[in-house]
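Let's take a walk through this model together. Have the sequence and the 3D view open as you read.

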Amino acid sequence: MVTAAGPGWTPPGGGTDLASPARVYDYLLGGKDNYAADRELVHRLLAIQPDLSAVARENRAFLARAVGLLAGRGVRQFLDLGCGLPTHENVHQIAARHGPGARVVYVDHDPIVLAHARALLADDGNVAIVHSDLRKPDELRADVAAGGGLLDWTEPVAVLITAVLHFVADADDPAGILAGLRAELAPGSALVISHATAGTFPAEAARVAELYTTACVSPLVLRTREEVAEFFGDFELLDPGLAFTAQWRPRGERPPPRGQLLAGVGIRPPDRRDAVP
Ligand SMILES: C[S@@+](CC[C@H](N)C(=O)[O-])C[C@H]1O[C@@H](n2cnc3c(N)ncnc32)[C@H](O)[C@@H]1O
């Protein structure tokens with residue numbers, strides 16, 4: 001593996017015997033920032049579900065469409081929770097295409113993601129990279145505030161949590177975490193979520209989740225449409241509501257009729273803000 005921190009570098013506190021969500025996803029997307037354990041898991045996953053690389057690409061494409069839409073609506077602040085390894089088109093680049101001056105805070109708990117992102121994005125004053133775990137909301141809030149103070153919580157913020165929450169176990173109360181997050185967002189703010197579900201091939205999806213959970217540092221939790229919808233609370237879902245990633249406002253070609261990740265964009269309605277932190 002070639003790392004941003006140089007050959008031979010190993011992540012602080014992070015072993016490489018188990019696969020990691022960031023590196024598995026990187027390999028599925030054709031990236032080079034992965035280890036043997038990640039690649040081996042991907043090959044085993046692909047034997048069960050051969051279209052997983054397409055699922056990963058469709059997720060990135062959904063994220064790009066959602067960010068473009070929100071930036072086009074005037075949102076200038078983005079908080080990318082569980083941002084993953086840098087890829088060929090990152091959120092700040094997509095946002096910049098749709099309007100000047102976007103500020104982006106990238107957050108991940110994987111030290112390898114942090115090392116790569118910092119090496120790549122160090123010179124951009126509108127971008128901060130923060131090491132934090134979204135399962136610890138108090139620390140997350142403090143870490144984001146300390147990470148350059150780029151976000152003004154009195155103005156709309158788009159919170160991106162794509163292909164991340166399925167790595168948060170029920171025991172860590174993802175619904176409670178999301179409720180706390182929503183309460184901090186100003187009217188006009190957005191939640192962009194994609195999440196693994198049983199999808200079109202439920203038996204294969206269940207085997208993928210099982211294998212992932214045994215071979216990876218995080219479990220993979222499939223959730224129902226109702227459970228994913230609950231993460232949006234009273235935020236208003238933009239058309240078409242919750243849909244498979246490829247079917248959420250597709251461009252160009254007719255989207256495939258199958259899907260594995262449910263996706264949506266919810267907007268905090270005006271005049272319903274409970275409390276300003
Ligand atoms: C499959 S990648 C998704 C990357 C990006 N969000 C996307 O949609 O393209 C999942 C990322 O979430 C991160 N992640 C998982 N659990 C996390 C947690 N509790 N706190 C912060 N990041 C987390 C992983 O390290 C990984 O980088």
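**A guided tour**

D173 is partly exposed, because its relative accessible area of 43% falls between the 20% and 50% cut-offs. You'll find D173 in the loop between β4 (158-162) and α7 (174-183). Its backbone deserves a look too: phi of D173 is near 55°, a positive value in a residue other than glycine. Most residues other than glycine have a negative phi. Keep in mind that this is a predicted model.

R249 sits in the loop between β7 and β8 (261-267), and at 34% relative accessibility it counts as partly exposed.

One more backbone feature, then. D239 and P240 are joined by a cis peptide bond, with omega at about 5°. Most peptide bonds are trans. P240 belongs to the loop between β6 (236-237) and β7 (243-244).

The C-alpha atoms of D239 and F62 are separated by 13 Å, although the two residues are 177 apart along the chain. F62 lies in α3 and is buried, since its relative accessible area is 0%. What does F62 touch, leaving aside residues up to four places away in sequence? Its contacts are T162, V192, I193, S194, T245, W248, A263, G264 and V265.

Now the helix itself. α3 covers residues 52-72, and at 1.5 Å a residue its 21 residues should span 30 Å; the end C-alpha atoms are 30 Å apart, so the two values agree. Most of α3 is covered, with 17 of its 21 residues buried. After the helix comes G74, with a positive phi near 100°.

Which atoms pair up? A side-chain N or O atom of R60 is 2.7 Å from an oxygen atom of the ligand. In the side chain of D133, an N or O atom is 2.8 Å from a ligand nitrogen, while a polar backbone atom of L134 is 3.1 Å from a nitrogen atom of the ligand. Taken alone, the ligand exposes 600 Å², and the protein buries 99% of that.

Conventions
Residues are numbered from 1 along each chain as its sequence is written. This is a predicted model: local features need pLDDT of at least 70, side-chain atom pairs count only at pLDDT 80 or more; totals for chains, interfaces and linings use all residues. Side-chain values use heavy atoms; hydrogens and water are left out. Helices (H or I, at least four residues) and strands (E, at least two) are DSSP runs, numbered from the N terminus. The expected span of a helix is 1.5 Å times one less than its number of residues. Buried means under 20% relative accessible area, exposed over 50%, partly exposed in between (1.4 Å probe, protein chains only). A polar contact is a pair of N or O atoms within 3.5 Å; within protein, one must be able to donate a hydrogen and the other to accept it, and residues adjacent in sequence count only if both atoms are side-chain atoms. Accessible areas come from the Shrake-Rupley method with a 1.4 Å probe; for residues, only the protein chains shown count as cover. Contact means heavy atoms within 4.5 Å.
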